[in-house]
Amino acid sequence: MRFFKTGLVKGILVGLLWWLIGFMLVEAIRVVMGLPPQWNTSLPAGPAVPQDTLKWIVSGGLAAYEPAMVVAAIFFVIGFMLGAGTMSDWLKWTRGVDTPMQHGPKEGQPSWFRYLSVDYSHKIIGVQYGVTAVILLMFAGTLALIFRVELAKPELQLTLFNDNLNWFNTLVSAHGMIMIGSILLGVGAMSNYLVPLMIGANDMAFPRLNAFAYWINVPGALLLVTAIFIGGWNTGWTGYPPLSAQAPIGVQYFFIGVFFLGLSSILGSLNIVVTTLTMRARGMTMFRMPIFVWAAFSTALIQLTATQLIGLSFLMVAMQRILGLGFFNPGFPDITALAPAQLWEGGGNPILFQHLFWFYSHPAVYIFILPGLGIISELLPVFSRKPLFGYKWIALSSLSIALVGFLVWAHHMFVSGMNTYLRVPFMLSTLLVAVPTGVKFFSWLGTLWGGRIELKTPMLFALGAISVFLIGGLTGPPLGTVTTDLQLHDTYYVVGHFHATMFGGFVFPFFAALYYWYPKAIGRQYNERLGVLHFALMTPAFWVMSLGQMLAGTRGMRRRVADYDPAWGIDGVQLAVTIAAFIIALSVAIMVINMIVSARRAPKAAANPWRSRGLEWQVPSPVPELSYATAPIVVGEPYDYGLAGSTYVQFAPPTLAPVHSAGVTGGD
Amino acid sequence: MSAIAESPQIQVRRNRMGMWLFFVSEAFLFGGLLISRFFLWGNTRPELPQVVPLAITGTLLLSSFFMNRAETAIANDDRKTFQRSLLITALLGVIFFLGVMIFEWGWTIEPDGTFLLGNHIHPTSGVYGAVLYGMTGMHALHVVSGVVLILIIWNLGRKGKYSADDHWGVEATAIYWHYIDLIWVFFYPALYLIGTAVPAGH
């Protein structure tokens, strides 16, 4: 049974053992300190009848042992990482044992074993990220289907399992946060697989850290999923206190899960920045990098810095819950007029949470969309056979979106009760984002204009992404403008706008990328007809879904509410949105089946099926273990499609030792 | 099996860049805590004893001197000074940590074996307690990890690991330790010096 020797299984088993140790440890400390084992004595310690145990856990009964549950979750993550073997090399270093960097499959193990175990090759890690992202995408999508059924008609009340009022909101919250996890992993998939290949490096700057950054997502995602089944949480993905300070215990597992997904973001982005700056092929100046690398680099700068703030804000709520640190606990009815002495007894401010939270979570949407927009810019020249229009503008627009993104967070808080003089400055900075985004749109149009367009599946998805992102982009300014936002805040209009930006900025380009680089990663060609079918189902369904959500929102449908008044006349719209959601789910299933079947049965792909100039297409597919045995030298511009006699890359004569030529050009 | 060959100098340059990016990232964490302090406390601060915090601040600053001494010593192949300075640094770090724990947080063990927390200020003492425990706690966590790293390189140095040309581990630990020290230079005045002292109301 080789399966039980994989890092994944070992990680889960050791993690569960550590979970138990962590739980017992806290209980032991409580006993030593002379405290009762139960933390919250107002809750039942457990059901009298053992058959009811499962029901007790699912309805959040473990809240009686909340500190032990929290410590156990952290122990679970540590145990998982130790058991999976992500830290074995580092632990050996602390004992003075050197471990040389080894690449390639482990001796005596089949190739699939690498994908389920710790492996340092960025190509394996990229695929691991991608597969995990698609699995989480399907899981979170299924949650959405459940609550879309609830919303298909008024007065259904299907999600009232066990008379538990939290289920609907748990489904909504879990859909949101697990999708965000999936998007972060999808971004990681594209960055990890593509950046080293595109810049002519053989691996990332820190391969061990890269593996660590991937694997810590797995226990993080497991905790997020567990949170649903230990009582859930009713706060939405934002987790605002004071509600999150009183929510069922699932909220703690949600906090801890997100905390470790964030740690992965930070470590992964650090790796991308160092790789981009120091490992480019000879001759590849910053302005000769493929445009996706610019996007990944800008994304990494946001991830590296802003992510700390969501970790901090969630940590503060967790501390308030279990240690009583009252950051967000006002304690008095009117906190605007507290005497200083009262700060000894209260004075916490929930608006502080929103500032810290949105300082990450607004830039986070640029983390989600920038790589996708980079993919669109990457694919359009290939399938239009024309140079990319305004390369430098596109490159710098990614960077400026990333920077402006740091200055707009409070536009989520126009109705929060923050000081009203902050509204207009944040409105202006928000509308400023339209400028660099507009640069991208004009560049895309300029690239397509007069091109010889080939409508292959990746190109279809790139064009679909532009159409959907246009919907998302044009519906943004009404939300960024104070006057209209006061009306639209927390309605389904926001939901529709957000889904349009996420689908246009991430989902469509991610699928385009999956189809485009599938032959590169797998070495076989997917089924083109099924790819087109996927596109033909998903795009119109998405238009219906997004526009329908916005319509329902303008009629008064609010977010995170399980029911609505038939008198609003949105029954038909809601039903259409639900049907559209199911069509999208079906189309994604078609893609997954297409990719699984094609990996075994499809014909071998041509070496460069898209006639791309990219570095990664100049080596065989699938990419050999050592991507560039011969060091590539960049001698021209990356996107000069259709210009006679222009070359982007040459390969130097073989060298004896495969050494990175990085460091020869810029960056250090 | 193919190993990707890298010259150690290139890898150390990358490591150094990675380390500094990590510090940039951490600056946002500590910056968020500082912002919370100013958001919640405004221009006030809780009235707390001043002598012990000043003393342990001095201890931490002094430890940075010994950390630097250790790094300079290994760069000159002076192993004896290296080992000794590392131990002094770790000891000063532990003194700082115990100072926070015992005198600031006020952990005491009662005669009957139970713990008591909060001689001066309790974690649940409104936002004064929350921010003070939050900031010193996050910083203390980093101090403890720094002491662990120092003990690891001390142990490796004892086994004869580092040399004048090859001591990236020492360099990384040293800049990490200085960084923690620098954070405290911002935290200490924010917690103990800035603003009008407000005595406990009860």
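Helices here are DSSP runs of H or I with at least four residues, strands are runs of E with at least two, and both are numbered from the N terminus. By that count, chain B has five helices and four strands. Their order from the N terminus is α-β-α-α-β-β-α-α-β.

A word on the source. This is a predicted model, where local features need pLDDT of at least 70 and side-chain atom pairs count only at pLDDT 80 or more, while totals for chains, interfaces and linings use all residues. Residues are numbered from 1 along each chain as its sequence is written, and chains are lettered from A and ligands numbered from 1 in the order in which they are written.

Staying with chain B, its C-alpha atoms fill a box of roughly 65 × 40 × 35 Å along the principal axes. Of its 202 residues, 36% are buried (20 or more other C-beta atoms within 10 Å of the residue's own, with C-beta atoms placed from the backbone).

Now the contact between the chains. Two residues are in contact if their C-beta atoms, placed from the backbone, lie within 7 Å. Chain A contributes 52 residues and chain B 44 residues. On the chain A side, the elements giving two or more residues are α11 (250-278), α12 (291-323) and α13 (350-384). The largest share, nine residues, comes from α12(A).

Beyond its neighbours within four places in sequence, A462(A) touches I376(A), L379(A), L380(A), P509(A) and A512(A).

Key. Buried ≥ 20, exposed ≤ 12 C-beta atoms within 10 Å, placed from the backbone.
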